[in-house]
Structures are given as C-alpha cells and as structure tokens.
Amino acid sequence: MRRLVFFMHTSLDGFVAGPNGELDWININEEIFDFVATMTGKADTALYGRVTYEMMQSYWPTAGQKPNASKHDKEHSEWYSKVSKVVLSKSMSEKGLKNTTVISDQLADNIDRIKNLDGKNILIFGSPTASHSLLSLGLVDEFWVFVNPVLVGQGIPLFKGVTETIPLTLLETKIFSCGVIALHYETKQASVKINNK
C-alpha cells in the first residue's frame, strides 16, 4: 500500500501560518530544497487543499522556464508537471484540469482507494485545513515536520481537531544549517500495516 506523507513547516510554538496566512517567517535554503527533492523522488502523487492547489498552479507549471529559475525551481516544476494531483475541495470541478482528481466527499474511501493503487508515495504539502481532515480520519501514515526557530504567537495551528491520542514513532531527525530541525514520524497504524504484510 502506498503511504500518505505529510510535509509541513511549523513555528516552535506550533503554527503553520500567521493569522492572515503569513509564511514570511519560514526558513528555507538550498539544503532544504535538495532534501525535499529526495522526498519528491519517492512520490508520484501530490495532494492539496483547494487554496494551496490554486497557489501551486499559479506558479509551478511555468516556474522552471523562467530565465532566472533556480535549480530547485527547475526540478520541482518538472516534478509538479508530471505527478498526479489530488485536490480536496467541495467547490472545485475537475473540468479542464490536467492530471488532477478532485475529491469532494467520502474522503476516507477515496483516499484509501488511491493509496491502494500501484505507485509511489502520496505527498501532502502545506494545506493545513485538508491536513486536519486527513489526520482526523487516520489517513496520514508519516509526518515530516520542519520546526523553524521562531515563535509566531498566533495563527493557524499545526494540528487542529485531534480528539484522541495518536501514537507516533520517531524514525529520524535532521538538522539544517539555517536552524530548522526536521522530525520524521510514523503513525502506529501505518507501522501495523507494514508489519502485517
């Protein structure tokens, strides 16, 4: 079974964005970009909420073609153009969208169906509202949480709507030169699925 892997930057006090969606406090450098590229290489599907998808669509399809495009822009633009995209939205339509599936209802059934298809990992970048929905249904298998050396004070919380204890196993940590620490966790149910195969 394919794994749903959650990628998210957070402040030390547990916020993924400021009150108005501000992300200017996130530390990103080439070292992190190169690391994320190793993760995207293990995935062939990207999952987003509607807002994040629209933001991605406005930039990545042509980012690698710009004269001043960085190595990361070229690589991620190529990856983004090739991967299957899944969008969680009750208001979007698939009409006219290339290589994109829109899920508007029966979230657990639809995500499980995608996870049971042959292929590589499914990555969810950002998309806090969509991530909260997936987490509440126990659909996330792994977490990569990038803890930034900053206190934001208020904003959109990393985890919201968790109503029961979710045991996690720390698989690895990685420290970046910009002060960000990446924590890689596996959920207990994902570990059980692997061990029962």
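Look at the loop between β5 and α5 (107-115): that's where Q106 sits. In this predicted model, the phi angle of Q106 is near 45 degrees, a positive value in a residue other than glycine. That's worth a second look, since most residues other than glycine have a negative phi. Another residue to check is N99, found in the loop between β4 and β5. Its phi is near 55 degrees, again a positive value in a residue other than glycine.

Are these two residues buried or exposed? Q106 has 56% relative accessibility, so it counts as exposed. N99, at 36%, counts as partly exposed.

**The sheet**

Now for the strands. Eight of them, 8 strands in an open sheet with mixed pairing, come in the order β5-β4-β3-β6-β1-β7-β10-β9. At the edges you'll find β5 (100-103) and β9, each of which pairs on one side only. On average, neighbouring strands here are turned by 20 degrees against each other, if you ignore direction.

| Strands | Bridges | Direction | Facing residues |
|---|---|---|---|
| β3 and β6 | 4 bridges | parallel | A43 and N121 |
| β1 and β7 | 7 bridges | parallel | F6 and F143 |
| β7 and β10 (181-187) | 6 bridges | antiparallel | L183 and V145 |

How many of its residues are buried? The count is 7 of the 7, so β7 is largely enclosed by the rest of the structure. In a regular strand, side chains alternate between the two faces of the sheet. Both faces of β7 are covered: E142, W144, F146 and N148 are buried on one side, while F143, V145 and V147 are buried on the other.

**The helices**

What about helix α1, residues 30-40? Its buried residues are I32, F35, V36, M39 and T40. They span an arc of only 145 degrees around the axis, so they end up on the same side of α1.

Helix α6 (residues 128-136) lies across β1, β3, β4, β6 and β7, at about 130 degrees to β1.

**The nonpolar cores**

The largest nonpolar core has 26 residues, and the ones with the most contacts inside it are F7, Y48, W79, F125, W144 and F146. Among the elements giving two or more residues to this core are β1, α1, α2 (50-57), α3 (60-63) and β7. Which element gives the most? That's α1, with 4 residues.

Take F7 as an example. Apart from its neighbours within four places in sequence, F7 is in contact with M39, L123, I124, F125, G126, W144 and F146. There's also a second, separate core of 22 residues, which includes V16, I111, V140 and F143.

Methods. Residues are numbered from 1 along each chain as its sequence is written. This is a predicted model: local features need pLDDT of at least 70, side-chain atom pairs count only at pLDDT 80 or more; totals for chains, interfaces and linings use all residues. Side-chain values use heavy atoms; hydrogens and water are left out. Buried means under 20% relative accessible area, exposed over 50%, partly exposed in between (1.4 Å probe, protein chains only). The arc is that of the directions from the helix axis to the C-beta atoms. Two strands pair if DSSP finds at least two bridges between them. Axes are lines fitted to C-alpha atoms, for helices over the stretch in contact, and angles run from 0 to 180 degrees between N-to-C directions. Contact means heavy atoms within 4.5 Å. A nonpolar core is a set of buried Ala, Val, Leu, Ile, Met, Phe, Trp, Tyr and Cys residues joined through side-chain atoms within 4.5 Å.
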